[in-house]
Amino acid sequence: MIDSPSNSLDSPGPSDGSLGDGFSVCLDALRFMTAIAVVLYHARYLEFGGQVFGVGYRYGWDAVKVFFVLSGFVIAYVAETKSNSLPLFFRDRLSRLYSVVVPAILVTCIADSLGHLLAPEMYTEKFFSGEWPIARLAANLTFANQLWFANIRPLSNAPFWSLGYEFWFYAIFACTTFLSGWNRIATTLIVAVIAGPKILLLFPVWWMGVWSFRTGRTMQRKTGLLLLIWTITFGWVYYQVGLPKYIQACTEVLLGQS
């Protein structure tokens, strides 16, 4: 769940924190390409017809990480320029989240009801989690679907899991941004303990977006170019040496399979 910066922003500058029309278009283009990668990844599932779009399989999870970085970037911008107080921040975040959550839950319920009638054999597969439907929907409506080691899917809607991460990313960010002193430390720790290890493992990825926004305005162009080159090089090596499989195996040993 990523907010989109306004297309009517002023020109970028380190003094006002604005992004500028050109940069906003770049963010939208990056988000569009990332969304295509995620769509191709899900289109590869057997329940959608098999391996028609194999190109998306490898990069689907990486695209989700890009979404998280984009989310952190834009939320940092919003918190600095628009939702610049704790009550205002949570009001805006919850309104944006529920504008997606409620329709997604309703569409899922309707689609699954029709699916049961048209293709009941599809709902015997492991991808569909239909037991305790009211409890499942309640957990997802309250963003408790991914706390600690839980993985509570709202019926057949597998991609919904990311919203359970986003909400807690926002909560941790709000504690560190709008509070101070011991209140900040205590509240952040409490929220982190509630969220649990799964969410905290991905939080640094989301925070990279916050860091990028806060440092990018004053970063020299040469430094930014070097970081871009390093990122591309590291990404290539990352896949060539098989690090994703190794990290996944280590994570499953520590936390179990999802």
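Which residues does Val191 touch, not counting residues up to four places away in sequence? They are Trp168, Ala171, Ile172 and Cys175, where contact means heavy atoms within 4.5 Å. The model is a predicted one, in which local features need pLDDT of at least 70 and side-chain atom pairs count only at pLDDT 80 or more, while totals for chains, interfaces and linings use all residues. Residues are numbered from 1 along each chain as its sequence is written, and side-chain values use heavy atoms, with hydrogens and water left out.

The chain contains nine helices and zero strands, and its pattern along the sequence is α-α-α-α-α-α-α-α-α. These elements are DSSP runs numbered from the N terminus, a helix being H or I over at least four residues and a strand being E over at least two. Of the 258 residues in the chain, 36% are buried; buried means under 20% relative accessible area, exposed means over 50%, and partly exposed lies in between, with a 1.4 Å probe and protein chains only. Among the contacts with a separation of 6 or more, 66% join residues 24 or more positions apart.

Val191 belongs to helix α6 and, with a relative accessibility of 11%, counts as buried. Two packed helices are described by the angle between their axes and the distance between the axes. Helix α5 (residues 161-178) and helix α6 (residues 181-195) pack at about 170 degrees with their axes 8 Å apart. Here the axes are lines fitted to C-alpha atoms, for helices over the stretch in contact, and the angles run from 0 to 180 degrees between N-to-C directions. The two helices α5 and α6 are therefore roughly antiparallel; angles under 35 degrees count as roughly parallel, over 145 as roughly antiparallel, 65 to 115 as roughly perpendicular and the rest as oblique.

On the α5 side of this contact stand Trp168, Ala171, Ile172, Cys175 and Thr176, which meet Arg184, Thr187, Thr188, Val191, Ile194 and Ala195 of α6. By class, the residues of the contact of α5 with α6 are seven nonpolar, three polar and one charged. In this classification Ala, Val, Leu, Ile, Met, Phe, Trp, Tyr, Cys and Pro count as nonpolar, Asp, Glu, Lys and Arg as charged, and the others, Gly among them, as polar.

Helix α5 also packs with α3, at an angle of about 175 degrees and with the axes 11 Å apart. That angle makes α3 roughly antiparallel to α5. Residues of α3, including Phe89, Phe90, Arg93 and Leu97, meet residues of α5, including Phe167, Tyr170, Ala171 and Phe173. The contact of α3 with α5 has 14 nonpolar residues, no polar residues and one charged residue.

Phe173 is located in α5 and is buried at 1% relative accessibility. Apart from neighbours within four places in sequence, Phe173 is in contact with Ile75, Ala76, Ala79, Phe89, Trp206, Trp207, Val210 and Arg214. Phe173 and Trp207 are 34 residues apart in sequence, and their C-alpha atoms are 8.4 Å apart.

In soluble globular proteins, nonpolar side chains tend to be buried together. The largest nonpolar core here has 45 residues, and those with the most contacts inside it are Phe68, Phe89, Tyr165, Trp168, Phe169, Phe173 and Trp206. Such a core is a set of buried Ala, Val, Leu, Ile, Met, Phe, Trp, Tyr and Cys residues joined through side-chain atoms within 4.5 Å. At least two residues of this core come from each of α1 (21-43), α2 (60-81), α3 (86-118), α5, α6 and α7 (197-216). Leaving out residues up to four places away in sequence, Phe68 touches Trp161, Ser162, Tyr165, Glu166, Phe169, Leu202, Val205 and Trp206.

The loop between α4 (133-141) and α5 holds Phe143. Phe143 has a positive phi, near 60 degrees, although it is not glycine. Most residues other than glycine have a negative phi, and most peptide bonds are trans. Trp148, in the loop between α4 and α5, has a positive phi near 50 degrees. Phe143 is buried at 1% relative accessibility, whereas Trp148 is partly exposed at 41%.
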